[in-house]
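Let's take a walk through this protein together. Have the sequence and the 3D view open, and we'll look at a few spots one at a time.

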There are 4 protein chains.
Amino acid sequence: MIKAGVIGATGYAGNELVRLLMQHTEVELKTVTSQRYIGKEFSEVYQNYNEINTLICQEEDIEKIAEECDVVFLALPHGVAAKKVTKEILEKTVIIDFGADFRLQNVNDYEKWYGLSHEGKQLLKQAVYGLCEINREKIKNAKLIANPGCYTTCSILSLIPLLAENLIDKNSIIIDAKSGVSGAGRGLVTESLYCEANENMKAYKVASHRHTPEIEEQLSYIAGEKITLSFTPHLTPMNRGILATCYASLKQGITKQEVRKAYEKWYAKEYFVRLTKEGVFPETKWVKGSNFIDIGFTVDERTNRIIVMGAIDNLVKGAAGQAVQNMNIVFGLKEDTGLCQVPIFPA
Amino acid sequence: MIKAGVIGATGYAGNELVRLLMQHTEVELKTVTSQRYIGKEFSEVYQNYNEINTLICQEEDIEKIAEECDVVFLALPHGVAAKKVTKEILEKTVIIDFGADFRLQNVNDYEKWYGLSHEGKQLLKQAVYGLCEINREKIKNAKLIANPGCYTTCSILSLIPLLAENLIDKNSIIIDAKSGVSGAGRGLVTESLYCEANENMKAYKVASHRHTPEIEEQLSYIAGEKITLSFTPHLTPMNRGILATCYASLKQGITKQEVRKAYEKWYAKEYFVRLTKEGVFPETKWVKGSNFIDIGFTVDERTNRIIVMGAIDNLVKGAAGQAVQNMNIVFGLKEDTGLCQVPIFPA
Amino acid sequence: MIKAGVIGATGYAGNELVRLLMQHTEVELKTVTSQRYIGKEFSEVYQNYNEINTLICQEEDIEKIAEECDVVFLALPHGVAAKKVTKEILEKTVIIDFGADFRLQNVNDYEKWYGLSHEGKQLLKQAVYGLCEINREKIKNAKLIANPGCYTTCSILSLIPLLAENLIDKNSIIIDAKSGVSGAGRGLVTESLYCEANENMKAYKVASHRHTPEIEEQLSYIAGEKITLSFTPHLTPMNRGILATCYASLKQGITKQEVRKAYEKWYAKEYFVRLTKEGVFPETKWVKGSNFIDIGFTVDERTNRIIVMGAIDNLVKGAAGQAVQNMNIVFGLKEDTGLCQVPIFPA
Amino acid sequence: MIKAGVIGATGYAGNELVRLLMQHTEVELKTVTSQRYIGKEFSEVYQNYNEINTLICQEEDIEKIAEECDVVFLALPHGVAAKKVTKEILEKTVIIDFGADFRLQNVNDYEKWYGLSHEGKQLLKQAVYGLCEINREKIKNAKLIANPGCYTTCSILSLIPLLAENLIDKNSIIIDAKSGVSGAGRGLVTESLYCEANENMKAYKVASHRHTPEIEEQLSYIAGEKITLSFTPHLTPMNRGILATCYASLKQGITKQEVRKAYEKWYAKEYFVRLTKEGVFPETKWVKGSNFIDIGFTVDERTNRIIVMGAIDNLVKGAAGQAVQNMNIVFGLKEDTGLCQVPIFPA
């Protein structure tokens, strides 16, 4: 059994991770920590765990937890993981970090977009970007995994075949993404109140969201050249789900069939990537509660643009599920172990 | 492996059953039928199954399915199962019926509340009311199981200890129940449209809902005398969940402690029944996607009434989950096999 | 023009009042105050007012505002109004208080249920309970009006004819009420977050909600004897609306026709009270954005209970609309001035 | 008083029009018609009108209604108005058509996108596209007004200044629009069921929605050259509201200040167009129940794109409100008569 610890378990992503780990046949969840609820039963904070999870929220003590656990998941505010994770810790355990600190190899980008000086630069070289479908081989030997952001996972996976197969004008990418409210976390801010988010649609952090450089960096690796794109996140009145609607100009003469081939080439063997049929587009409800990303597209012949859409459950494939997938890879398990939940509908 | 068939799989309850059976380690799902979608891939009707369920919707042919399957689940309109199920079928397979036809032993009640003449009376004696926590022993040997209604499951389990332990005035029971919209099914009626049900709360079928005689019949068995009660269902703007708020007058001198003892006596060993702590009340979100019923209560000393609340996922404990639980009992499996889903939150 | 001030305008009820006053032909809104947003444009806090309301949030200074305004609305936390309102202020202006401080004539009840010592007792005699349909005559000359609570307005109006006409067993009243989330206000508490309230139904403050003594006191006046009842509030995933489902045992021999007559007697001439037709039950969506209360009932002959339901918009008839109605009465305007909004659907 | 008739009053747009006309001081609503509910009280179909609207749903008889009414609003399926409206009718009354039949001057486009042969071509010359902010002068003398579509209103108004002032690359426009479910109407289709639309985000009719040629035609007039663009509608789990997020490449050297000036030039005097402040973006909740369109933008300097967002209430500015605005113009009333509703929040 893999011994696992979750630091920052009482946020929505941490909580979802606990749910998945409890149903994982090869994992023993040893420790959950929380800043706000130290000493409380985890099942008091999240009563879905009543009678089935007896853990108590511990104070965070990463050294001790690293000692006891084979894998430690960090769900901490930006900037904190960079300070807490050390070489010594990485000798003792595998770290899978939900935050942004080790996602960007470009420190300048990190410092500019996050407004922080990076306190863990020296570990960046070791860090592997945990987008499993792409970095599987590197993840196998990683000790420090930067679990990708929710918008980024959805956007990158939706766009990879287009860039990898050189099908689009690389300067033409626009991502219009829509997220459920759980993406904003459990913090107490007015915008997250029921009456503020319900019955409303809005864009936010237009042209300034921090997932932008993350998407760009990863897509640049794929494209083999620097990608700059537009990314607009929207807050949608639903609990879970991200839909990323991506636009790009097709290169002269590229057909819908060639596009489909590219997607099939990249994803036919990927269990967690499902391509929708011609004329069918992804919907967030069809992936809810699961680690799937559904991808579909059409070609607008009038404008010669491709519109490709990806749908994920932001708390699963966009956070906790992908973290488990990363863990499975590191520990040599079948990649879908504990991740075969059938999407739940209607839910 | 238990071979299973689902007749009427493309309604919400049937669909949820498919989800659960796919994750059940001891079941092979052989056949799904549908009236509306014959010949279509099940995963086209419910795209959550894309790439993970390759079944085609069959035409209903109960004799043939009974031949091939060890257990057949029926999710059919009222009155249809009573006609379809025969002695011969019950010799070949176990029937678990989601409809009302075999729930009421009192044929007069059935014919009055459902406005139908009962076409399967001769099988009623064989039929076992599949409320697992209560009828476990009878279920073990049953061939024909009437899976309880959603409101009834929630209401009956919430009230049993009060009646069984003789703690309340038997004429004083009022059940005010609130259900999510999936309880109304997938049929095309104006009331089920998004804009009609969203941002709205209403009661419906006040004092005339068909689950009333079912609740009364079962509670009468428990009480050892005829129970008549008030039941008011409400439509709540959410996908899933039932909350039943039940009121009754306590017998003179009964204390909160005695009430708690009664609940503990009845439910301490029941895995799927969870009692909330003193001062904590059930919420539908904490059971979503699971087979749990959460029960909590308080005593209003000013009026000497007990208010007991039960919360279930109407599609799981209120339908498909309980059906699987019944199947597990019949086939001698551990009762929670395939039913250990941790409730999913927020969802 | 009536000069009006709103103290505590940036909560949901205060904000709704501003909306109504802006559309009131006889009112000039002079001042809005806020604790949290002093110096900010009101239209920055609530951007629906962009370009149509240029007021700046002021610091609260009740003496000054009383000087300048003919009527001052208070939307303050419990206990604060009791301290702020003085004889001197009441000589200068009319106070309409949204809080609980002057609603209960019984100081003991106030101090017990609110856990506060009452700092404005000496003004209680002057205070008029502003349930317009009942206290119209007293309101005309009032200087201090206690605007009723949302649950209370809905519950009391639903039950009055039954008690006034002596149709029910006075000990048998149970009120099971369901409220939208705006009833909880704009404060930052975890329970009010979107992901916590959405897709959930729960009861709260069971047998202990502070509107209970208010309902009881008013109904006791009507009944001519002490009424004790059970009241259970529920949080419903919608922005606005209260549905109160009320149960009571009919006196021997009372018929549905007699009940209807009682309701017609009391409400036929009341513009804001609408009786639904036989067999039709109130829904919150049909009153949204309006000052109406819709009331409907049925008699359950099997249990001899009446089930009567009332539906209001909690922010209008349950708060700001009723406050305007009170103001209209005090200032001798037609009672529906500024309150003829047609309910908005779907919304 | 202007005598008005509404043909097709029991759809959501027709119903919203009835609401607005009832509150319009210069209008007498004479007739409402319905296919489905002939002979029923309108207030039985929409119970918000209980006791305040006594109209009976009539059978459609456009000649008779044209005789009796000064203005007739048509809310009919595509293709029907083109057949019903005649020269004779237009001599008797003003027609304001909610459908698409007279929106496109280009008959080929109409026949291609709607798959219908146009049965009212001969009237197209007379038809005025009723986008009030742009066509005010023409509307004044119009007898046949094509009320714009909801997506189109929002998209066109958001983009006009950019094209009119020649600030963008005309081939670069992408509109990613999100609509509430009322936009789909009250028809009984599975996609509009609560459980299907709730907790879900999806795109639909990608690159094939019929509002596309309408947007293009109008923007082409503004630009003085043929505009082709990408338009992607999305279904959002809320009752009302459209948010259109529009992308375009700025011409070399255009600054944010120049863009703002263009918007101010076009809209500073438009009562129903509100520009958000720098850094603030439109949200559908701030316009709900009102005829406003809120427009805001930012410039993404990294990609040299402008992102401009428009938010409307699809049933008001996107349908019934704009129809009333058109009527006001035709009849020489102040343009905002009956349209000064303050947006309602939270709702």
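Where does P346(B) lie in chain B? You'll find P346(B) in the segment after α12, the helix that covers residues 316-330 of chain B. Keep in mind as you look around that this is a predicted model.

The peptide bond from F345(B) to P346(B) is cis, and its omega is near -15°.

Now hop over to chain D. There, F345(D) and P346(D) are joined by a cis peptide bond, with omega about -10°. P346(D) sits in the segment after α12 (316-330) of chain D. To find N166(B), go to the loop between α8 (150-164) and β8 (174-179) of chain B.

## Where chain D meets chain A

Next up is a place where two chains touch. How many residues does each chain bring to the contact between chain D and chain A? Chain D brings 48 residues, and chain A brings 48 residues too. Between them, the two chains bury about 4,000 Å², with 55% of that on carbon and sulfur atoms. On the chain D side, the residues that lose the most area to chain A are E199(D), M201(D) and R302(D), which together make up 18% of what that side buries.

Eight salt bridges cross the interface of chain D and chain A. One to zoom in on pairs the side chains of E196(A) and K285(D), at 3.1 Å from N to O. Counting polar contacts between chain D and chain A gives 37 residue pairs, with both residues at pLDDT 80 or more. Several elements of chain D give two or more residues to this side, including α9 (194-197), α10 (211-223) and β14 (305-312). β8(D) gives the most, with four residues. Sorted by class, the side of chain D that touches chain A has 21 nonpolar, 14 polar and 13 charged residues.

## Where chain C meets chain B

Let's move on to chain C and chain B. In this contact, 48 residues of chain C touch 48 residues of chain B. The buried area is about 4,000 Å², and carbon and sulfur atoms give 54% of it.

Eight salt bridges turn up across the interface of chain C and chain B. In one of them, E196(C) pairs with K285(B), and the closest N and O atoms are 3.1 Å apart. The polar contacts between chain C and chain B come to 37 residue pairs, both residues at pLDDT 80 or more. Among the elements of chain C that give two or more residues to this side are β10 (230-235), β11 (242-249) and β13 (293-300). The largest share comes from β8(C), which gives four residues. By class, you get 21 nonpolar, 14 polar and 13 charged residues on the side of chain C that touches chain B.

## A salt bridge inside chain A

Over all chains, the whole structure has 104 of them. K256(A) is in helix α11 (residues 256-267) of chain A, while E278(A) is in the loop between β12 (273-275) and β13 (293-300), so the pair ties together parts that are 22 residues apart in sequence.

## Empty spaces

Finally, let's look for gaps. Rolling a probe the size of a water molecule over the atoms shows where empty space is left. Searching the whole structure turns up six cavities of 30 Å³ or more. The largest cavity has a volume of about 110 Å³. Residues from chain A and chain B line it, among them R19(A), Q23(A), R19(B) and Q23(B). The lining of this largest cavity has four nonpolar, six polar and two charged residues.

The second largest cavity has a volume of about 60 Å³. Its lining has 14 residues, and the closest to its centre are Y194(A), N198(A), N198(B), N198(C) and N198(D). By class, that lining divides into eight nonpolar, four polar and two charged residues.

Methods:
Residues numbered from 1 in each chain as written. Chains lettered and ligands numbered in written order. Predicted model: local features only at pLDDT ≥ 70, side-chain atom pairs only at ≥ 80, totals over all residues. Heavy atoms only, no water. 1 Å grid on protein atoms, 1.4 Å probe; cavity = no way out; pocket = protein on both sides within 12 Å on 5 of 7 lines; lining within 4 Å. Points joined across faces, edges and corners; volume = space filled by probe spheres on them. Nonpolar A, V, L, I, M, F, W, Y, C, P; charged D, E, K, R; others polar. Contact = heavy atoms within 4.5 Å. Buried area = accessible area lost by both parts, 1.4 Å probe. Salt bridge = Lys/Arg side-chain N within 4 Å of Asp/Glu carboxyl O. Polar contact = N/O pair within 3.5 Å; in protein donor to acceptor, adjacent residues only side chain to side chain.
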